[in-house]
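I opened a new notebook page for this one. Below are my entries, in the order I looked things up.

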Amino acid sequence: MTPGPGRPLAAALAEGTVLLDGGLSNQLEAQGCDLSDALWSARLLADGPGQIEAAHTAYVRAGAQVLITASYQASYEGFERRGIGRDEAATLFARSVELARRAAGTVERDVWVAASVGPYGAVTADGAEYRGRYGLTVRELERFHRPRVEALAAAGPDALALETVPDTDEARALLRVAGEYGLPVWLSYTVAGGRTRAGQPLDEAFALARGHDEVIAVGVNCCDPAEAEAAVRTAVRATGKPAVVYPNSGEDWDAESGAWTGAAAAFTPDRAAAWEAAGARLIGGCCRVGPEAIAGLAGVGRGREAG
């Protein structure tokens, strides 16, 4: 295993703002990969690991200080549907961390690896992560997430990214499970109209992270950039923790057609600076935000020189 940074991610956040990467899927598509499979980018953990490493490397070269692994849509159940047994699936979870770690090792500076733990709705591959409220109890969601979190934690990432969470039930489940493994985590919701995708008030949603010492940042991802600043302010106010923010391009995902619709928003350093002023300390991009946009944010952040 390639060694990680010499200091915790939380220590870097205490010093200033750290730059996240952008959307892994759009970079893989730019490299010519077909992501139409239900496993999405996770399929390439088995069929094209070199493509994933190359995508991570593109973001490192753009200045990213944190790489999020290709495990967002990975699950034992999803791998099993492709004929991949549990032992091989565990190997693929571990591979997601090692591919990011190898890309991080291509530069002489700290680059952290965050293992992506996507929501249950991502695994159903029907757009449910943008709705939430799957009809499952918190306990059932815990049972679903625990094996995948365990596999990712065993691979030794620097943090767990509990990301694109659509509602508070899933946040509760993820926080309970992640707290069992002793790793730093961040919790980020996907939001719309100033509420979670399931319609819950953001101050209540973010407040779930209070009292969880392992949570190093709370915020939003895969949302319209126009939603980000207000959400960051709410996250900081509700938790007293640094905020994490990595919106998508502002386009909307149509699960039925399997395509992005609408116009992209401006993803500018000025906008990112406003997020930082509001309390964000982990800043980057999500779907449809590529290395060029991340490179444009490289001047944002008081902690960039220390990285």
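**Entry 1: a threonine in a helix.** I began with Thr234, which, leaving aside its neighbours within four places in sequence, is in contact with Leu202, Asp203 and Phe206; contact means heavy atoms within 4.5 Å. Thr234 sits in helix H11, where helices (H or I, at least four residues) and strands (E, at least two) are DSSP runs numbered from the N terminus. I looked up its accessibility too: at 14%, Thr234 counts as buried, since buried means under 20% relative accessible area, exposed over 50% and partly exposed in between, with a 1.4 Å probe and protein chains only.

**Entry 2: what I am looking at.** I noted that this is a predicted model, in which local features need pLDDT of at least 70 and side-chain atom pairs count only at pLDDT 80 or more, while totals for chains, interfaces and linings use all residues. Residues are numbered from 1 along each chain as its sequence is written, and side-chain values use heavy atoms, with hydrogens and water left out.

**Entry 3: the sheet.** Next I wanted the strand order. I found an open sheet of eight strands with parallel pairing, in the order S1-S12-S9-S8-S5-S4-S3-S2. Its edge strands are S1 (18-19) and S2 (66-68), each of which pairs on one side only. Two strands count as paired if DSSP finds at least two bridges between them.

Entry 4: How many residues of strand S5 (residues 185-189) are buried? Five of the five are, so S5 is largely enclosed by the rest of the structure. I checked the faces of S5 one by one: Val185, Leu187 and Tyr189 are on one side, Trp186 and Ser188 on the other. S5 pairs with strand S4 (residues 159-165) in the parallel sense over four bridges, and Leu160 stands opposite Val185. Strand S9 (residues 243-246) is also covered on both faces, with Ala243 and Val245 buried on one side and Val244 and Tyr246 buried on the other. S8 and S9 pair in the parallel sense over four bridges, and here Asn221 stands opposite Tyr246.

Entry 5: Cys222 has a positive phi of about 50° although it is not a glycine. Cys222 lies in the loop between strand S8 (215-221) and helix H11 (225-239), and it is buried at 2% relative accessible area. Arg288 has a positive phi of about 75° and is not a glycine either. Its loop runs between strand S12 (280-283) and helix H13 (291-296). Is Arg288 buried or partly exposed? With a relative accessible area of 39%, Arg288 is partly exposed.

**Entry 6: two helix pairs.** Helix H8 (residues 138-154) and helix H9 (residues 168-178) pack at an angle of about 45°, with their axes 8 Å apart. They are therefore oblique to each other: angles under 35 degrees count as roughly parallel, over 145 as roughly antiparallel, 65 to 115 as roughly perpendicular and the rest as oblique. By class, their contact has seven nonpolar, one polar and six charged residues. Here Ala, Val, Leu, Ile, Met, Phe, Trp, Tyr, Cys and Pro count as nonpolar, Asp, Glu, Lys and Arg as charged, and the others, Gly among them, as polar. For helix H4 (residues 49-62) and helix H6 (residues 86-104), I read axes that come within 8 Å and cross at roughly 40°. H4 and H6 are therefore oblique to each other.

Entry 7: I finished on Gln31, in the loop between helix H2 (24-30) and helix H3 (44-47). Gln31 counts as partly exposed at 25% relative accessibility. Not counting residues up to four places away in sequence, Gln31 touches Gln51, Ala54 and Ala55.

Conventions
Axes fitted to C-alpha atoms, helices over the stretch in contact; angles between N-to-C directions.
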